[in-house]
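The exercises that follow ask the reader to work through one model, moving from loop residues to helix packing and then to the chain as a whole. Each task is followed by a solution in steps.

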Amino acid sequence: MGLSSILGTVFTIKNLIIICAGVLFGIIGGALPGVSSTMCVTLLLPFTFSMDQAVGILLLMTIYTSAVYGGSITAILINTPGTGSSAATALDGYPLTQKGRGAEALRIATFASLIGGFVSGIALLLLSPPLSKISLAFGPGEYMLLSIIGLSAVVTLAANSLLKGLLSAAFGLLLTTVGIDFSIGYPRFTFGILELESGISFIPALIGLFALSEVLKMAEKRDEPDVAVGKFMSDRLFPAKKELNGLWPTIGRGSLIGLIIGILPGAGAEIGSWISYNVARQFSKKPEEFGKGSLEGVAASEVANNAVTGG
């Protein structure tokens, strides 16, 4: 199927309406904590059974990519990532909201998501055959190296308190041991609870880490003004030129990182966003702002997790 045929299939009144509906459903589903992008696709899958194959794929891809972006909305506004891929976004997005710059953070997240999605779409369209060969060349050694790179990010992300970072990483590794041991088929640390045999899912762990902790902090400071109110409804919709100054290198690196991570079978948007965030902090001229309200951090996370989709 040529490019002209593809564009002819997409740009019809019926398919554009389907795309808009998929975008709306995906953003809402992605913004709801606990509803992942994969779950959004699963929920709408039965509706595609009666559709033409091309239209069904169009709807599912629209929902998936929109849900990846939608998770950034709650990550920025209430410190509760809607999807696992937006966890890194919350580190800087919510501090910006507390400073009254939530609308600015949302604009940067939207723009970065747009660039990441566009780059991934172009790569999917033009580079699929050679990139698929690269992904097949990855073996256990390469995945082990990728895991080491991910763990080494702890050193950078926890630069202010290395001990806390190492303890958190060790605790995270401990949580991953819960479930069936794949080598011998024996349940580990399940304490007789059947539900734990499949392990601790990422989304419930994420909600417990971000949402529950945020609720407890709000309850502790319920009489204190916590968040500065920003101008959302009357604010501009698109990022100003000055807001994008200095972000282009971060967006470029994040797009490339997300694309490469997306090519690897089994690696997802969560890994892409964290690695991009870590690299952005290493290359930043103001690394001390990360975790306290850095637009670079928001852009790095969002451009990478959206660039993963096409890869």
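**Exercise 1. A loop residue and its surroundings**

Locate Leu196 relative to the secondary structure, classify its accessibility, and identify what it touches beyond its neighbours in sequence.

Solution. Leu196 lies in the loop that links strand S2 (187-188) to helix H10 (202-220), in what is a predicted model. The next step is accessibility: the relative accessibility of Leu196 is 23%, and because buried means under 20% and exposed means over 50%, Leu196 counts as partly exposed. As for its surroundings, once residues up to four places away in sequence are set aside, Leu196 touches Val178, Gly179, Phe189 and Thr190. For Val178, which is 18 residues from Leu196 along the chain, the separation between the two C-alpha atoms is 6.9 Å.

**Exercise 2. Positive phi values**

Determine the backbone phi of Phe189 and of Phe191, and then state how accessible Phe189 and Phe191 are.

Solution. Begin with Phe189, which is found in the loop between S2 and H10 and is one of the residues touched by Leu196. Its phi is near 55°, a positive value in a residue other than glycine. Phe191 also has its place in the loop between S2 and H10, and the phi of Phe191 is likewise near 55°, positive although the residue is not glycine. Turning to accessibility, Phe189 has a value of 49% and therefore counts as partly exposed, since the exposed class requires over 50%. Phe191, with a relative accessible area of 72%, is exposed.

**Exercise 3. Packing of H12 against H14**

Describe the geometry of the contact between helix H12 and helix H14, list the residues that make the contact, and sort them by class.

Solution. Helix H12 covers residues 248-263 and helix H14 covers residues 295-310; their axes come within 7 Å and cross at roughly 35°. The crossing of H12 and H14 is right-handed. On the H12 side, the contact is made by Thr250, Ile251, Gly254, Ser255, Gly258, Leu259, Ile261 and Gly262, and on the H14 side by Glu296, Ala299, Ala300, Val303, Ala304, Ala307 and Val308. Sorting these residues gives nine nonpolar, five polar and one charged.

**Exercise 4. Packing of H13 against H14**

Carry out the analysis for helix H13 and H14, giving the angle and axis distance, the handedness, and the composition of the contact.

Solution. Helix H13 (residues 269-283) packs with H14 at an angle of about 145°, and their axes are 8 Å apart. The crossing of H13 and H14 is right-handed. From H13, the residues in contact are Ala269, Gly272, Ser273, Ser276, Tyr277 and Ala280, while H14 contributes Gly297, Ala300, Ser301, Ala304, Asn305 and Val308. By class, the contact of H13 with H14 divides into six nonpolar and six polar residues, with no charged ones.

**Exercise 5. Charge pairing**

How many salt bridges does a search of the whole structure find, and are the partners Arg101 and Glu104 buried, partly exposed or exposed?

Solution. The search of the whole structure finds one salt bridge. It joins the side chains of Arg101 and Glu104, with an N to O distance of 2.9 Å. Side chains of opposite charge can pair when their charged atoms come close. For the accessibility step, Arg101 stands at 30% and counts as partly exposed, whereas Glu104, at 15%, counts as buried because it falls under the 20% limit.

**Exercise 6. The chain as a whole**

Note on methods: Residues numbered from 1 in each chain as written. Predicted model: local features only at pLDDT ≥ 70, side-chain atom pairs only at ≥ 80, totals over all residues. Heavy atoms only, no water. Axes fitted to C-alpha atoms, helices over the stretch in contact; angles between N-to-C directions. Helix = DSSP H or I, 4+ residues; strand = E, 2+ residues; numbered from the N terminus. Left-handed = near helix turned anticlockwise from the far one by under 90°. Contact = heavy atoms within 4.5 Å. Nonpolar A, V, L, I, M, F, W, Y, C, P; charged D, E, K, R; others polar. Salt bridge = Lys/Arg side-chain N within 4 Å of Asp/Glu carboxyl O. Buried < 20%, exposed > 50% of the residue type's maximum accessible area, 1.4 Å probe, protein only.
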